[in-house]
Amino acid sequence: MASTACFVIVSKNDIPIYEAEVGSAPKKEELAYQHQFILHAALDVVQDLAWTTNAMFLKSVDRFNDLVVSVYVTAVLCCECSTVQIFLNPLYLPGSRITSSHFDTKVRALARRYL
Amino acid sequence: MEPGLSIESGSAIRVAVLPVGGPIPSPCLRDYAALVARHACVDLASLRPYYKEHQKSPFAHQPWDAGCLRLKFVLGGCVPSPWEDFQSSRKVLAVVGICHLPSSPDLDRVAADFVDAARSYPSALASRCFAFCPTDAQLVEKKRDDIIIFPPSDQQSLEVHMLTMIQDLAASLLMEFEKWVLRAESTGTILKTPLDSQSSLGSEEVDRMGQSDPVLEDEVKYRYYTIIQLYRRATLQDNAQRSFLSLNRVSPVSFELEAALKLARYLCRRELAKEVSDLLMGAADGAKALIDASDRLILLILYIEIARLFGTLGYKRKAAFFSRQVAQLYLQQDNAYAAMSAMQVLTMTTNAYHVQSRKNNKLDHDSHKELRASNTDSGKVHPQSIVSLFESQWSTLQMVILREILMSSIRASDPLSSWSAAARLLRSFYPLITPAGQSGLASSLGNSADRLPAGTRCADPCLPFIRLHSFPLHPSQRDVVKRNPHKKDWWTGAGPSGPFIYTPFSKAAASGTSKQEVTWIVGEPVQVMVELANPCSFDLVVESIYLSVHSGNFDAFPVSVSLPPNTSKSVLLSGVPTQVGQISIPGCIVHCFGVITEHLFKEVDCLLLGASQGLVLSDPFRCCGSSKFKSVSFPSISVVPPLPLLVANVVGGEGSILLYEGEIRDVLITLTNAGTVPVEEANIALSGKNQDSVISIAHSTWKSALPIKPGGEVTFAVTLRAWHLSLADSEADGSRSPVNSRRTAREGINPFLDIHYAGPAANAENGDVSLPPGRRLAVPLNICVVQGLRLVRARLLSMEIPAQFTEAHLSPVSRKDYISTGTDTAHGDDNLLTIDPCKGSWGLRLLELELFNPTDVVFDVDVAVHLDGTNVDQKLIDEGTAVDAACQKTRIDRDYSARVLIPLENFKLPVLDASFFIKESGSTEPLGSKAAAIAERNAKAELNASINSLISKIKVKWHSGRNSSGELNIKNAIQAALQASIMDILLPDPLTFSFKLAKNGSAINVVSSKDSGNPDDDSGHFTDENVILSTKNAQRCEDLISAHEMTHMVVQIRNNTKEIIRMNLSISCKDVAGENCFDENSATVLWAGVLSDVHLEVPPLQEVAHPFSVYFLVPGDYSLQASSLIIDATDVLRARAKAESSDEPILCRGSPFHIRVVGKV
């Protein structure tokens, strides 16, 4: 199985504020779309599931073919140090895209460590 | 496996619907099929009329009142399923043919065709062939039993007709079932299935199942899982056997999937979402097993079903995801129908991905509108609510979906859909598309448009982006003024009073209360400024763009615009309101890329709002270099009935009125009523700056022309006087070359004619008189003042020409004589006294004005001294010459300068008063006295007033061309020139000397020459030469001074002060050589009387005469001069004489007086 992953932070109102395609598998554009399509579709399940459990980490909520979707639901937009930094930025409007390159590098570094 | 499976689907009777005869156009086929498919459920009660019950009917206990017969129409039929016997619901029990008669003229052939088609369904128990849209020829044909022709009619009656037909079909089916049941009971049923299933779920049990009975649900689930297990076991065995027997393997998967889907559909409720989605995910996993090409259909149906079930569950995104999977499967097939299906399926997903066509999202639209409305109400838009406007911006996915729709619609050759998809893609995602991609989209838009008929409309706008820029008020709109019915001056306080629409004071009051209101008038053109942006990298040609008005009372005028790459442009769109009412302009209609679309302003506003918050990819206007987003609130526009419309025209040129400094000119203004309503009342007032430059307005002229009928006009005159250029202006002018001196009038310095006018009051239906609004017309008087004649300098000159005293001057005075009676005969109020400058004068003061003409026209200058003081008659100083020199104006050619001399006479005050010297003498007096200070101040004020009156009396008038005339402003220059010697000009001399001929005992005033002498300073001499000239009389005068004749003369000395003056008078006479003629030793003139050291006392303001006689021995020229040494001169006299020391003798001397003595004839 290809060790590829797509990491997306979705804010309220379904707005993806950060997307990163991480992993070592050769990138195919179509595949990247497919990842996003699956993640987008999984939001329906997440939306329902998030209210039935206290856990912030919902293991594999959805799957399609070999791709598994796991979700980390955060309470008030905070989960990880870098993200907190972003969200604490007074200039950041909730809902707009995260464009910080620093954040991007951090995410990719973390991804390399765990994949 | 097939779509739409449910547990109930087993109860439906399958009916194949087959198109027969000639080809049917797909929209027609769709309509016909829909007409048939509408009747999927036929009430048993309604079958009664058609159903003939068998006497031994097994159906006697059916629920005839409430029950129904389910029909499942399968368009195009289906291949016989191997499962038919096992699941009899799969059997096709009836066949319906559909025929489009216009394309199949031969009914026999249609019948044969139908029989052929029906033959492939051997299990069919009933068949009907429906034929639609018969031609006239087919209608008159003999009625056939095998074809049911639907007569042409409207949709409603067609539906009723079809219902009847279907009921008939259902009834005949029912009767066939009856027969079959009666027959089957005796023989028994042989159940043959490919799998020889050991268990089945009786459909009669299923029918009884309620939807929400938990016990039943558990039962269903239990049975499902049992069946699956049993089934799996059976298939394993069976497949083993089959492979052993080399038979076709039967996939176990499809049956399992089918069962899973049936269960999922049965459970499909929000509360069981988790369970259902697990089932569906399991089913989707099962798809992995369907890898054969032959399984593609099953996979397709599986995805369709999963999508449907997720949709029912409310999982829109899941449904969209599986729909897209379906579309991809369709797209793998290489035919137009599959592409069409793909396109339709993808179109269904657009809602979930928020890329829907505007055609389908009216509802969505309204919610946005409400949001906007609530936002604008609260004033500031809350960031969170903006965020919700841009919900689910998964741009990558959105682009993929749109691209797939575009691709499939191109393949399906649906140009409108592909245009719409390309438009949405380009408009929403241009920043993410490469320039090449943008051009590709543009060309696919063009290609799609080529296939569309001209004038096709599409709901989805493409480019350009259009936003409302401003509402430039058309001049005719700007001037509408609400009338105050209670005021005669109805315009006061109603509208803008100045030339500016915006005033900071009125704004503060208005902003809080309501939206801006705009009034448009029927039939008068209006304009709206919009800004277009083309953020893409290709040239955008907007074939036409005009305002979109839905209220139908507006004619918009289209314009065409071309936008180069990455540019924005402001365009003025205009139109004419046609009917009274409200107008709302939601956007523009644009004809671009061959298709007509409507672009809404508020969509772009939302977009820009999002862009300003960083929620949207890019601001199309900013990336085109346009200015920052500013929200333009749309005013509420109401259209009122036609009003009169005055148009002003300044006669003689549209441009500014070019006036030379100080010029006075009449300007004619023509008012034309360009409206369709007469002007009944009007009022003209002045406003703006420099209002004093308008001297008069011919009010009576225009008032007499009222009412001004439509098309009528009135011309009236306005008299203007050009103001004087300030120093800065003159300098600015001076720096230019004379050619450029004609400059345009500057803004904001012009006066306006404020014309308020109104039409007749309208009578409303209920008898009330309603006042339509009045209007205001501001006519700017664009006065451009240019430098005309320029005063280069003014200076004071003194001339000392002794008077030439010939016989001509010796005439007696023609008017009544006056003798030195001691009456107050201050020369000032005597009468006109003139000077002939050619004759010269002693100590004459002249004001020289040097004038330069920098313009390119000729100026005629006319200098006048306006003596309109209280004690001076209105006279011209130059009158003596003016009689014959009325035309002798000084003409100054362009670029030439000329000097004009103004004799400064007649300005002297009658009395030499001590008060003028208070300042000088005041220094010696004790200060601190308050009264003295006040007196001093008064005296100064008086002096200043005298100076000012002197200056204001001098007027330099000029004429140029036919109708330019004016006056030079030289006050300051004169003041500066006169400042130094103002005393000398204003103040009279203490003593005035004059000589008179005394003949026959009467004194004839020949010459009065007075002089105040200052022996030290000749330039201080002051001459007020009162030469009484009456030239005509002088010619005829016989009383000449001749030699060898005794001439009696009188010298008159007048005291101009208020104090008595004592003096020693001396009279001298000199010949041309300057020799003293009264010399004792060599006298050439004999005399009688005392001529030297005459002691005289002159009372204040009185005259004293001293007679003497002279006898000239030699004819020739002589000059007489009187002088007096003042004894005990007062301070005033000393001050006047500017004496430096108190013991200096003060000498007063008259001016020399020339006498020509003729010889005895």
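Biologist: What should I know before we start?

Modeller: The model is predicted, so to speak of local features we need pLDDT of at least 70, side-chain atom pairs count only at pLDDT 80 or more, and totals for chains, interfaces and linings use all residues. Residues are numbered from 1 along each chain as its sequence is written, chains are lettered from A and ligands numbered from 1 in written order, and side-chain values use heavy atoms, without hydrogens and water.

Biologist: How are two packed helices described?

Modeller: By the angle between their axes and the distance between the axes. Here, helix α15 (residues 415–429) and helix α16 (residues 435–451) of chain B have axes that come within 9 Å and cross at roughly 155 degrees. α15(B) and α16(B) are therefore roughly antiparallel (an angle over 145 degrees).

Biologist: Which residues of α15(B) and α16(B) meet?

Modeller: Contact means heavy atoms within 4.5 Å. Among them, B:Trp419 and B:Leu426 in α15(B) and B:Leu441 and B:Arg451 in α16(B) take part. The residues of this contact divide into nine nonpolar, four polar and one charged.

Biologist: Where is the cis peptide bond?

Modeller: Between B:Leu463 and B:Pro464, with omega about -10 degrees. B:Pro464 sits in the loop between β7 (457–458) and β8 (465–470) of chain B.

Biologist: Is B:Phe593 buried or exposed?

Modeller: Buried means under 20% relative accessible area, exposed over 50%, and partly exposed in between (1.4 Å probe, protein chains only). B:Phe593 is buried at 15%, and its phi is near 55 degrees, a positive value in a residue other than glycine.

Note on methods. Axes are lines fitted to C-alpha atoms, for helices over the stretch in contact, and angles run from 0 to 180 degrees between N-to-C directions. Helices (H or I, at least four residues) and strands (E, at least two) are DSSP runs, numbered from the N terminus. Angles under 35 degrees count as roughly parallel, over 145 as roughly antiparallel, 65 to 115 as roughly perpendicular and the rest as oblique. Ala, Val, Leu, Ile, Met, Phe, Trp, Tyr, Cys and Pro count as nonpolar, Asp, Glu, Lys and Arg as charged, and the others, Gly among them, as polar.
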